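Here is a short briefing to read alongside the model. Take a look at the structure first, and then we can walk through the topics together.

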Amino acid sequence: MAHRFSDIEHLLRLAAIFIAGIVLFVAVRAVLVPDDFGVLGHYRAGAIEDNRQRPLVHAGAEACGECHDDVVASRTGGGHESIRCEACHGPLARHATEPSDQAPELPDAASVCLRCHLPAVAKPEAFPQVDPAEHAGNEPCDACHAAHAPRLEGS
Amino acid sequence: MPTDRREFLIGSGRVLIVASGAAALALKHVLAGTPGQAPGYAVDRHWWAMAIAIDRCIGCGNCVRACKSENDVPLEPLYFRTWVERYHVPESDADRPLVDSPNGGYDGFPERDQPDDRFKDFYVPKLCNHCAHSPCVQVCPVGATFESPDGVVLVDKDYCLGCRYCVQACPYGCRFIDPRTRTVDKCTLCYHRITRGLTTACCEVCPTGARALGDLKDPSDPIHVFLREHSVHVLKPQLATGSKVYYAGLDGSAR
């Protein structure tokens with residue numbers, strides 16, 4: 001019996017090295033791979049939660065309306081009714097959480113209106129486009145129009 | 001020797017016991033590790049998509065600016081999670097549109113074309129298509145990018161090696177390497193917003209409603225009406241990526 005094993009001892013040693021290698025691999029892998037890896041697929045399930053952990057920068061128009069309901073009301077029926085506040089006023093999540101933290105800047109009517117309404121070949125033809133020089137001699141738009149409900153003021 | 005009924009039942013019984021044990025174990029893991037257990041958001045109850053109406057986009061660049069500030073995207077050119085392209089399709093050669101995107105549309109579009117040169121001109125807002133079968137996910141060697149159970153392609157920044165395979169694999173050019181972290185970055189469909197019941201930053205600021213976030217698993221979501229009432233198209237449908245950004249009124253020349 002002992003004679004038979006001595007013939008294949010080199011194979012047993014090789015097998016022992018392989019088994020030790022496999023055990024080491026499994027042990028190292030168990031330490032390095034997070035528990036939630038592979039739970040939902042070939043990725044770390046906790047990464048989904050990580051992606052949710054980012055502070056808001058835009059508050060959303062509903063948050064604005066909680067305090068500024070008078071402005072919301074003034075927009076009703078106007079051509080800009082469906083535009084949400086931060087489209088012109090910029091990101092204001094900090095202001096929505098704590099009004100004193102972030103003072104909103106009043107958008108400059110001379111530039112903010114033209115972002116959308118300056119004529120361009122690629123714009124849909126149905127979209128209202130105005131050349132400010134031709135239309136009003138470069139007067140700022142809010143000299144005549146109310147930005148929140150852009151009919152002619154007083155009309 | 002043919003299997004008799006007794007042997008078959010014993011054999012299949014064993015398989016069933018082993019399989020149900022494995023299933024119970026899997027369920028335990030799912031319950032323990034499911035991130036969607038966070039209060040107020042069930043990750044398996046949503047399937048996010050976006051609808052874009054080409055005939056409403058005016059190229060104002062609001063989406064590009066809002067995306068950069070919402071998601072802390074580097075302000076230098078060429079780093080975009082969303083951008084807007086301007087197409088000019090000449091009448092003589094409809095197969096070769098002139099496409100430009102000065103700073104991604106961040107500063108709007110200085111007029112390039114003469115009004116009398118007009119043949120077919122339009123803007124195409126672009127973002128990650130959140131493919132259901134994403135080429136970028138398939139090539140990631142470490143599992144650092146994935147399709148979440150609610151249909152959003154996300155990046156695990158802690159796992160990303162910055163190897164750039166996914167940047168090359170994305171047929172829509174939607175990924176970039178963030179120079180600050182040296183890891184990949186891309187549109188998350190404002191995952192931090194949509195999981196809190198808000199819309200994405202780009203949809204929030206779009207003045208014409210050219211973009212709309214939609215939840216395909218919510219039967220009352222207006223995106224179903226949009227998809228039913230418009231002829232919609234996805235970018236590069238021949239690649240069968242399962243893109244979930246649906247364009248209405250997209251010209252065939254748009255790539």
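In this predicted model, the centres of domain 1 and domain 2 of chain A, taken over C-alpha atoms, are separated by 55 Å. Features described locally need pLDDT of at least 70 and side-chain atom pairs count only at pLDDT 80 or more, while totals for chains, interfaces and linings use all residues. Residues are numbered from 1 along each chain as its sequence is written, with chains lettered from A and ligands numbered from 1 in the order in which they are written.

**Domains of chain A**
- Chain A is divided into domain 1 (2-52), domain 2 (55-105) and domain 3 (107-155), with bounds that come from an automatic or database domain assignment.

**Where the chains meet**
- In chain A, 37 residues are in contact with 44 residues of chain B (C-beta atoms, placed from the backbone, within 7 Å).
- On the side of chain A that touches chain B, α3 (46-52), α6 (86-89) and α8 (109-117) of chain A each give two or more residues (helices are DSSP runs of H or I, at least four residues, numbered from the N terminus).
- The most comes from α3(A), with seven residues.

**A sheet in chain B**
- Four strands form an open sheet with mixed pairing, in the order β9-β1-β11-β10 (chain B) (strands are DSSP runs of E, at least two residues, and two of them pair if DSSP finds at least two bridges between them).
- Because β9 (211-215) and β10 (232-233) of chain B each have a single partner strand, they stand at the edges, and one side of each is left without a neighbour in the sheet.
- β10(B) runs antiparallel to β11 (residues 245-248) of chain B, and two bridges join them.
- Within β11(B), B:A248 stands opposite B:V232.

Notes. Two residues are in contact if their C-beta atoms, placed from the backbone, lie within 7 Å.
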